[in-house]
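Open the model in your viewer and keep the selection tool at hand.

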Amino acid sequence: MKLNKIFYALAFCSVGLSWQASAQLQNADVYEYPGAGQENNRYYINIPDIDGYETLKCDFHIHTVFSDGKVWPDMRVDEAWNEGLDAIAITDHIEYRPNKTIINADLNKSNEIARKRGAQIGLIVIKGTEITRKKPLGHLNALFVQDVNKIDVPNELDAVDEAVKQGAYILWNHPGWPNDTSTIYPVHKKLIAQKKLHGVEVFNSTESYPKVLDWCNELGLAHFANSDLHYTSANMYSGKLQRPMTLVFAKERSEEGVKEALFAGRTVAFYNNNLSGMEKYLREIVKKSLFVKVINKEKGVIEVCNKSDLLFQVRYGKLMYSIPLHPNQVTRIELASGVDVTFTNCLVGQDKFLVTKLW
Ligand SMILES: [Zn+2]
Ligand SMILES: [Zn+2]
């Protein structure tokens, strides 16, 4: 009888709570702001599509609590959606899992949780992992893997081979970390020659590696900019377009579309208002972003309308410094027809910039 009384008391409490949660409170003790916590916002990132391809904003290097990150996998998906991304990869370390005594899980688990959330909210989540070895090999992300458990083998090159066997795209992470030296070792050249290593991070977290730009040109590696998030994104980057991202030019907006584009090398790395990539892709982005209106042909007065969210920096003629072409603004400049313009935020090699004409 006594138990029954407790039961009825609890039942009454829970009815009371659910009513409170669904109604707007406004009394002498509590005021709940209307709509607070109800909406979910996403940055709309305006970076143009290029001919025949959709420009997808992606981050292929993210950690969760399942390795040494601080965030649960499904929140990584929400965070990326809020920040305007189209696709992410969850890439927990295989060999470094400080939480494993607390979270005793299969190596595929973080991806399972994230992919389920991705399917719910329409964000592409690519199954990945980080093969975490000492230099010279260093850290490699294997993307589009089937079973991470099978990649957990003692020999580092066996791990790479198993990932390749599963159809993985292999990406070389942060070549300048942890010793502040960017070195391409024979093992990397061998993996590239064997077509097992396909891309490299030009930007990782808040670092960049200028030498890597030349390796991309010489060895045909695709350019990447990834966050390598361990903490929340808001801890690291504040506001729109602050987080590093890899632009992927995809035939379709799908996991398959991303995979096809990566293997075809159609990427541009973007961080801190710098774009790095093959000249043909950077030229296309500039062409699809900037629109010129001639005001005075004889005097070379033009208006340049930047219809993208990208902040371009340009230099031409006798200018000793770059001037900005602000996003979503019109800039009036004096520039004669046919003059070469150097885009100092568009990197095509180490200390090499995109040069093109505006009109
Ligand atoms: Zn790493
Ligand atoms: Zn990492």
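Select both zinc ions: ligand 1 and ligand 2 are 3.4 Å apart, and Glu130 coordinates both. This is a predicted model, in which local features need pLDDT of at least 70 and side-chain atom pairs count only at pLDDT 80 or more, while totals for chains, interfaces and linings use all residues. Residues are numbered from 1 along each chain as its sequence is written, chains are lettered from A and ligands numbered from 1 in the order in which they are written, and side-chain values use heavy atoms, with hydrogens and water left out.

Now show the side chains around ligand 1. Its protein donors are Glu130 (OE), His139 (ND1) and His174 (NE2), lying 2.1 Å from the zinc ion. Donors are N, O and S atoms within 2.8 Å of the metal (3.2 Å for Na, K and Ca); water is not among the atoms, so sites may look incomplete. Along the sequence, the spacing of these donor residues is E-x8-H-x34-H. Are Glu130 and His139 buried or exposed? Glu130 is buried, at 0% relative accessibility, and His139 is buried too, at 11%. Buried means under 20% relative accessible area, exposed over 50% and partly exposed in between (1.4 Å probe, protein chains only).

Next, the rings. The structure holds 9 aromatic pairs. Rings of Phe, Tyr and Trp (its six-membered ring) pair if their centres lie within 6.5 Å; planes under 30 degrees apart count as stacked, over 60 as edge-to-face and the rest as tilted. Select Phe312 and Phe343, an edge-to-face pair with 5.8 Å between centres and 90° between planes. The pair links distant parts of the chain, with Phe312 in strand E14 (residues 312-316) and Phe343 in strand E17 (residues 340-349), 31 residues apart. Helices (H or I, at least four residues) and strands (E, at least two) are DSSP runs, numbered from the N terminus. Phe312 is buried at 0% relative accessibility, as is Phe343 at 0%. Then select Phe60, Tyr169, Phe224 and Phe263, which form one aromatic cluster.

Move to helix H8 (residues 255-263), where Gly257, Val258, Ala261 and Leu262 are buried. Look down the axis of H8: its buried residues fall within an arc of 130°, so they line one face of the helix. The arc is that of the directions from the helix axis to the C-beta atoms. Just after H8, Gly265 has a positive phi of about 75°.

Finally, zoom out to the whole chain. Its secondary structure comes to 9 helices and 18 strands, and buried residues make up 48% of its 359 residues.
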